[in-house]
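Look through the sequence and the model below before reading on. The paragraphs that follow take the structure one part at a time.

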Amino acid sequence: MKKGCSLVAVMLVVVLIGDQLGASEAVTCSATQLSPCLGAITSGTPPSQACCARLRAQQPCLCGYMRDPNLRQYVNSSNARKVASSCGVSIPSC
């Protein structure tokens with residue numbers, strides 16, 4: 001019985017540690033975080049380092065932005081794809 005309790009305790013610790021690691025990597029999806037990219041997306045100018053950093057941070061959110069009718073035209077534009085490519089961010093197929 002003591003061995004079973006120890007195993008359960010170890011498994012609980014592993015789950016809790018895993019939850020904490022996942023929580024620190026969570027991204028808050030907010031299109032306003034991509035404001036440093038607006039000029040590059042609308043005018044085709046090269047993206048800034050700030051733009052690329054924000055785009056990489058918001059990469060998990062891109063599918064949501066692509067589904068949003070208000071953002072779709074920007075995210076799916078050829079300039080947005082050029083910006084993503086310049087930043088080394090792959091556009092997901094959602």
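Which residues does Val83 touch, not counting residues up to four places away in sequence? In this predicted model, Val83 touches Ala40, Ile41, Pro47, Cys51 and Leu55.

Val83 belongs to the largest nonpolar core, which has 17 residues. Ile41, Leu55, Leu62, Tyr65, Val83, Cys87 and Val89 are the members that touch the most other members. Helix H2 (38-43), H3, helix H4 (62-67) and helix H6 (78-87) each give two or more residues to this core. The most comes from H6, with four residues. As a general rule, nonpolar side chains tend to be buried together in soluble globular proteins.

Next, consider how two of these helices are placed. H3 and H6 pack with their axes 10 Å apart, at an angle of about 95 degrees. Angles of 65 to 115 degrees count as roughly perpendicular, and H3 and H6 are therefore roughly perpendicular to each other. On the H3 side, the residues that meet H6 are Cys51, Cys52, Leu55 and Arg56; on the H6 side, they are Val83, Ala84 and Cys87. Sorted by type, the residues of this contact are six nonpolar, no polar and one charged.

Leaving aside neighbours within four places in sequence, Gln58 is in contact with Val27, Thr28, Cys29, Ser30, Gln33, Leu34 and Tyr65.

Thr45 lies in another loop, between H2 and H3. With a relative accessibility of 39%, Thr45 counts as partly exposed, because that value falls between the 20% and 50% limits. Beyond neighbours within four places in sequence, Thr45 is in contact with Gly39 and Ala40. Thr45 and Val83 are 38 residues apart along the chain, and their C-alpha atoms are separated by 8.5 Å.

Finally, how far can the coordinates be trusted? The protein averages a pLDDT of 79, and 73% of the residues score at least 70. Where pLDDT is low, the predicted coordinates should not be read in detail.

Technical notes
Residues are numbered from 1 along each chain as its sequence is written. This is a predicted model: local features need pLDDT of at least 70, side-chain atom pairs count only at pLDDT 80 or more; totals for chains, interfaces and linings use all residues. Side-chain values use heavy atoms; hydrogens and water are left out. pLDDT is the predictor's confidence in each residue, from 0 to 100. A nonpolar core is a set of buried Ala, Val, Leu, Ile, Met, Phe, Trp, Tyr and Cys residues joined through side-chain atoms within 4.5 Å. Buried means under 20% relative accessible area, exposed over 50%, partly exposed in between (1.4 Å probe, protein chains only). Contact means heavy atoms within 4.5 Å. Axes are lines fitted to C-alpha atoms, for helices over the stretch in contact, and angles run from 0 to 180 degrees between N-to-C directions. Angles under 35 degrees count as roughly parallel, over 145 as roughly antiparallel, 65 to 115 as roughly perpendicular and the rest as oblique. Ala, Val, Leu, Ile, Met, Phe, Trp, Tyr, Cys and Pro count as nonpolar, Asp, Glu, Lys and Arg as charged, and the others, Gly among them, as polar.
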